[in-house]
Amino acid sequence: MICVEGDPATHVFVLVEGLAKIMSATADGHELTLALRGNGDLVGELAGETTGHRNATMRAIGTVRALIVPYDEFSSFLDAHPGAGKAYRHVVARRWNDADSKLRSHPVTNGAHRLAIVLLDLATRYGSQTGQEVHIAVPLSQEELASLAGASRATVTRALSNWRRRGIIRTGQRDLTITALDDLRKIAGHQT
């Protein structure tokens with residue numbers, strides 16, 4: 001654990017190397033995976049502005065190196081450097097836009113469609129391509145993929161099984177390779 005939901009938010013993290021899951025617990029104790037953050041990402045910056053307490057837990061996936069900056073120093077730096085402040089606002093606006101788009105898509109898409117979008121995003125951000133195949137080097141469980149897609153685990157299990165049969169993906173233990181990228185893009189509704 002790098003930080004825990006509910007702890008005081010005294011500093012922000014700049015991820016220098018590695019990958020981390022951003023998670024939150026539901027009222028009934030279930031753990032939701034909200035996002036993944038990696039190299040160059042800023043984490044924990046909003047809690048200092050709002051509640052003063054962490055609104056999510058950050059757990060490392062493997063080795064993570066991070067720059068830890070006290071919140072007051074981070075805020076002062078942004079005030080003193082307009083270019084950094086502008087870049088920060090851009091990151092925050094992009095995250096809000098992504099969250100808004102995700103919420104708006106839920107009523108008009110199904111879980112398999114949203115899972116395809118998540119896999120394409122993971123492929124873009126963390127995948128390594130060899131020919132037409134893209135290996136996603138992020139060890140996520142089906143439960144975590146379901147959480148990221150806003151779908152049930154059963155929906156994810158069915159979709160992955162269907163796509164394996166059709167030759168769109170190949171899976172192993174927390175390992176996934178997209179073998180037919182154009183087919184997955186069509187499922188996601190992306191133009192090829």
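This is a predicted model: local features need pLDDT of at least 70, side-chain atom pairs count only at pLDDT 80 or more; totals for chains, interfaces and linings use all residues.
Local features were taken only at pLDDT of at least 70 and side-chain atom pairs only at pLDDT 80 or more, whereas totals for chains, interfaces and linings use all residues. Residues are numbered from 1 along each chain as its sequence is written, and side-chain values use heavy atoms, with hydrogens and water left out.

The chain contains seven helices and eight strands, defined as DSSP runs (H or I of at least four residues for helices, E of at least two for strands) and numbered from the N terminus. Along the principal axes, its C-alpha atoms fill a box of roughly 55 × 40 × 35 Å. Buried residues account for 38% of the 192 residues, where buried means under 20% relative accessible area, exposed over 50% and partly exposed in between (1.4 Å probe, protein chains only). Of the contacts between residues at least 6 apart in sequence, 66% join residues at least 24 apart, a contact being heavy atoms within 4.5 Å.

Strands S1 (residues 11-25) and S2 (residues 31-37) pair in the antiparallel sense over six bridges; pairing requires that DSSP find at least two bridges between two strands. Lys21 has Leu36 in S2 as its bridge partner. Five residues separate the two strands of this hairpin, and Gly29 in the turn has a positive phi of about 90°.

Helix H6 (residues 153-165) has 13 residues and spans 18 Å from its first C-alpha to its last, close to the 18 Å expected (1.5 Å times one less than its number of residues). Its buried residues are Thr155, Val156, Ala159, Leu160 and Trp163. These residues lie on the same side of H6, because they cover an arc of only 125° around the axis, the arc being that of the directions from the helix axis to the C-beta atoms. Exposed Arg158 and Arg165 are carried on the face turned away from the buried side. The buried residues of H6 pack against helices H4 (111-126), H5 (142-149) and H7 (181-188) and strands S7 (169-172) and S8 (175-178).

In H7, the buried residues are Leu181, Leu184 and Ala188. They fall within an arc of 65° seen down the axis, so they line one face of the helix. Their cover includes H4, S5 (127-130), S6 (133-136), H6 and S8. Just after H7, Gly189 has a positive phi of about 85°.
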